[in-house]
Amino acid sequence: MMRKRFYNAIFASGIGFILTCMMVGISLNTEGTTLKVEGASAAQWTWIGIGISLVFLSQLFAGQVDAFLGAVPKPQLSKLLPEEGKRAMLKPWLLAALLVVMLVWPFMVSRGSVDLATLTLIYIMLGLGLNIVVGLAGLLDLGFVAFYAVGAYTYALLSQYFGMSFWACLPLSAGLAALFGFLLGFPVLRLRGDYLAIVTLGFGEIIRILLNNWTSVTGGPSGISGIAKPSLFGLEFTRRAKEEGATTFHEFFGIDYSSSYKVIFLYLIAVILVCFVIYVINRLMRMPIGRAWEALREDEIACRSLGLNRTMIKLSAFTIGASTAGFAGAFFSARQGFISPESFIFIESAIILAIVVLGGMGSQVGVILAAIVMTILPELAREFSEYRMLLFGLLMVVMMRWRPEGLVPMKRPHLELKT
Amino acid sequence: MSLLLDVNGLTMRFGGLVAVDHVDLAVKHRQVVSIIGPNGAGKTTVFNCLSGFYIPTDGSVVFNGEQVAGMKDFQISRKGLVRTFQHVRLFSKMTVIENMLVAQHRHLKTDLISGLFKTAAYRRQEQEAMDRAVYWLREMDLLEFANREAGNLAYGQQRRLEIARCMVTQPELLLLDEPAAGLNPNETKELDELIVRLRDEHEISVLLIEHDMKLVMGISDHIYVIAQGAPLANGTPDEVKNNPDVIKAYLGEE
Ligand SMILES: Nc1ncnc2c1ncn2[C@@H]1O[C@H](COP(=O)(O)OP(=O)(O)OP(=O)(O)O)[C@@H](O)[C@H]1O
Ligand SMILES: [Mg+2]
């Protein structure tokens, strides 16, 4: 037993050593026209040594580590919260308070914070969308970013070529992403688990490569810039009105121009969009289609015997999830003002999936919390940005060991029979 | 009267193995018909072919005058031919009432718009589905457990819920795969009465696979015996009971 563990630990740290040597230990630097291989600095080697010994020890004492992690108290949400009846009474008040805070907060903090909050809201939207597909319908989608890209490019192109406004494009982006979801889903949803994951992964890459190479329309790798920002009933947030005769926000209200109005306005739009998405998903979970998703996840064979068309039910989840991503995409390109295929690489899909898994598949509160953690943490740990993926991996490993069911495990609203 | 279910020459091959070999079945309206046979005879495979889970290698399955062999499982079930499974298959994390509502999925308004805005038609249909669910839960003596998780029910109750869930889809022919397996004598007796009630009061037909001979002999209008995939005999309970082949191949070994 001990021996087996020892071999295991040697093996794991050996693999770890080889991998870190290749990725951190050696780097290629350009010097003039030649490439030069450089080793890591002494300090880096010390860290690598510490890391490897940690891997060795944690594998050697895997049992104890697990026992320790098991002993770390898990937050018991049900115990923290007041009992059922009271909670139902408090809930609307709490939600209202939260909404007020969300609305007032941006006026008191820095522009950077508001901007970060807006980004977080985009990831919340994406997380909630993928949550429908992965958490509620149980379909592993590794190419979710493709629909995000479709939404983003839909708005960017429509705005650039036809001058259409953000508000008109928002539903169009969602619709087009949904159409892509439908077209992709139709043939592939018969596939099971891992096959589906691979096909969606491929689809994500296809979209990115298409955007990269269709230069005449999408601008290729250089992307699309100068995408119009959303307006408030026709009022723009620029210093001077772009078109003759148009009014800007600050002129209309007779206040001084400030670039933070625009940031706050974008943030508020994001809040509204997120609220809308949460509302729709909440309804979906209580609708027949939401019940069917859960039933399909529990027992597909029983569903088929009861006359449920599993392809259509999965397809609906896939399509609705995709449309949410399209929604988020349109907002993303309006906020950035610039998009390129670089924004829609596989890592984005991985991060969104991590948000769903960390949050606790299917749970909306969990996904929201995880999205906040996943966007704010990298921001706080800026100086480690090179090691972002490493930290990200570590976080996933620890979470899966400590709390495999996610931050807030899913609790579906059960339908009650009232007598 | 025309046949509700008319099966001719049903054959199912898995590679070299002939699991079902030219089986004929006939079920009339308001009949209980049983299929018996030793373990591994191919009874469940027959059910899988009838319900569209397998596409039969050969043969015809005519249900209500319509050829259903080769149709998708969910299409067949929508035509009114619904089955249960040898091992209980409930949505165990969902409540009893939710199990009953999922079964009525196709009777509900499932488009997004009516659901999101809770239109009048949507609410009416939800209510009707709820009423049907309550009706069948009461019939099956399960109403008091409506808000319980299905997985927490006692085994006998789970089996009853499985039948209730089929009945709420409003079938014409119910296929029961060993519904008495694991039940105590008391529960078996209740099951017996239930099947009779389904036939006489609710006017449906039942095709039954069962090893409990007392139940089968008492309840069946007609019995088919299959052994190693092939039909061995068929007839009324008395005929089957006294058939020397059947005694030798099946009843004899007990
Ligand atoms: N999908 C399959 N692939 C290969 N062989 C199968 C398959 N399904 C069933 N069989 C074979 O067909 C034969 C009949 O099996 P079946 O389950 O229909 O028997 P049964 O009469 O229901 O038995 P029991 O009384 O034990 O339930 C068995 O030999 C089984 O191994
Ligand atoms: Mg069987």
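A crossing of two helices is called left-handed if the near helix is turned anticlockwise from the far one by less than a right angle, and right-handed if clockwise. Keep that in mind as we look at this predicted model, where local features need pLDDT of at least 70, side-chain atom pairs count only at pLDDT 80 or more, and totals for chains, interfaces and linings use all residues. Residues are numbered from 1 along each chain as its sequence is written, chains are lettered from A and ligands numbered from 1 in the order in which they are written, and side-chain values use heavy atoms, leaving out hydrogens and water.

**Two helices in chain A**

Helix α6(A), residues 111-136, packs against helix α15(A), residues 310-336, at an angle of about 165°, with axes 7 Å apart. α6(A) and α15(A) are therefore roughly antiparallel (angles over 145 degrees count as such). The crossing of α6(A) past α15(A) is left-handed.

**Ligand 1 and chain B**

Around ligand 1 there are 14 residues, where near means having a heavy atom within 4 Å. They divide into five nonpolar, seven polar and two charged. Helix α1(B) gives the largest share, three residues.

Here are some polar contacts, meaning pairs of N or O atoms within 3.5 Å:

| Residue | Polar atom in the residue | Distance to an oxygen atom of ligand 1 |
|---|---|---|
| G40(B) | backbone | 2.9 Å |
| T44(B) | side chain | 2.6 Å |
| E178(B) | side chain | 3.4 Å |

Taken alone, ligand 1 exposes 630 Å², and the protein buries 64% of that (areas by the Shrake-Rupley method with a 1.4 Å probe).

Definitions and conventions. Polar contact = N/O pair within 3.5 Å; in protein donor to acceptor, adjacent residues only side chain to side chain. Helix = DSSP H or I, 4+ residues; strand = E, 2+ residues; numbered from the N terminus. Nonpolar A, V, L, I, M, F, W, Y, C, P; charged D, E, K, R; others polar. Axes fitted to C-alpha atoms, helices over the stretch in contact; angles between N-to-C directions. Parallel < 35°, antiparallel > 145°, perpendicular 65-115°, else oblique.
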